Amino acid sequence: MNPRHEALPSVDAGLSSLPGCAITLLRDAELLSEGASGVAELRAAQPVPGTLLLAESRLPGIRTVAMLLAAARHRANGGRAPARFSDAADWLAARILLLGLSHVAVNADTLPQLDEANRRVVELSHRLGLPLRPAAPVLMTGGADTEVAGPSLALWLDRCPLDKVLEFGRAQTAQLLARWEAVGAKSKNKETAWN
């Protein structure tokens, strides 16, 4: 879904050429929901140069939607929940949906994760009748301050400042959960599983 040749070549080039606003999302909600004991690592996280730092815990809808995505997937697989209930693609898909992300920083190892997250975004958008907007990759070129798998993640949004990001995220959460409930209720009436 995200061929490497379509990715922007580096975070530095990407920051100056993308519209909107670049943020570094502190993945505190995801990491702490996994039982991560890396509180010191979270506290030491710094924004990618040229971005604003936003704690994911300020938008609790991201965790809610990530868990709903995971639950729907596990229900489709016979209902057996693994030791780790949600995966990184669930969290990334929730961020794409609720923040309206245009681009996400990736490296060669995490590009497949963005592909899977975008696949889940497309599938859920079709099922719920929501506007379709997968995120494009920005290829990271290395260096400690461009780490992709750490406690923070560089993201690009069409809106700024942060109060507008938070307002948009909350509105998207309400819309998505209302659609989820409406579609889920229809599925229960038809006695079919809404995976």
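**Words and the values behind them**

In this predicted model, Ala105 has Val138 in β4 as its bridge partner.

Q: What makes β3 and β4 a pair, and in which sense do they run, parallel or antiparallel?
A: Two strands count as paired if at least two bridges are found between them. Four bridges link β3 and β4, and the sense is parallel, so the pair meets the definition. The two strands also belong, together with α6, to a β-α-β unit that is right-handed.

Q: How do you know that β5 pairs with β1 and with β3?
A: The cut-off is again at least two bridges. β1 and β5 are joined by six bridges and run antiparallel, while β3 and β5 have three bridges, also in the antiparallel sense. Both counts reach the cut-off, and therefore both are called pairs. Trp156 in β5 takes part in each of them, as the bridge partner of Ala22 and as the bridge partner of His103.

Q: What makes β5 a strand with both faces covered?
A: In a regular strand the side chains alternate between the two faces of the sheet. On one side of β5 stand Ser152, Ala154 and Trp156, on the other Leu153, Leu155 and Leu157, and all of these are buried.

Q: Why is Ala135 called buried?
A: A residue is called buried if its relative accessible area is under 20%. Ala135 has a relative accessibility of 2%, and therefore it counts as buried. Ala135 is placed in the loop between α6 and β4, and its C-alpha is 7.9 Å from that of Leu114, although 21 residues separate the two in sequence.

Q: Why is Glu56 called buried?
A: The same cut-off of under 20% applies, and Glu56 is buried because its relative accessible area is 1%. Glu56 is found in the loop between β2 and α4. Leaving out residues up to four places away in sequence, Glu56 touches several others, including Leu25, Arg27, Ile62, Trp91 and Arg95.

Q: How do you know that Glu56 and Glu30 make a polar contact?
A: A polar contact needs a pair of N or O atoms within 3.5 Å, one able to donate a hydrogen and the other to accept it. The backbone nitrogen of Glu30 is 3.0 Å from a polar atom of the Glu56 side chain, so the distance falls within the limit.

Q: What makes a group of residues a nonpolar core, and how many residues does the largest one have?
A: Such a core is a set of buried residues of kinds such as Ala, Val and Leu, joined through side-chain atoms within 4.5 Å. The largest nonpolar core here has 41 residues, and among those with the most contacts inside it are Leu54, Ile96, Leu155 and Leu176. Elements giving two or more residues to this core include β1, α4, β3 and α7, and α5 gives the most, with nine residues. Apart from its neighbours within four places in sequence, Leu176 is in contact with Val65, Leu97, Leu98, Leu124, Leu128 and Leu130. A second, separate core has seven residues, Ala22, Val48, Met140 and Trp156 among them. In soluble globular proteins, nonpolar side chains tend to be buried together.

Q: How many helices and strands does the whole protein have, and what share of its residues is buried?
A: The protein has seven helices and five strands, and 47% of its 195 residues count as buried.

Definitions and conventions: Residues are numbered from 1 along each chain as its sequence is written. This is a predicted model: local features need pLDDT of at least 70, side-chain atom pairs count only at pLDDT 80 or more; totals for chains, interfaces and linings use all residues. Side-chain values use heavy atoms; hydrogens and water are left out. Buried means under 20% relative accessible area, exposed over 50%, partly exposed in between (1.4 Å probe, protein chains only). Contact means heavy atoms within 4.5 Å. A crossover is right-handed if, with the strands pointing away from the viewer, the path from the first strand over the helix to the second runs clockwise.
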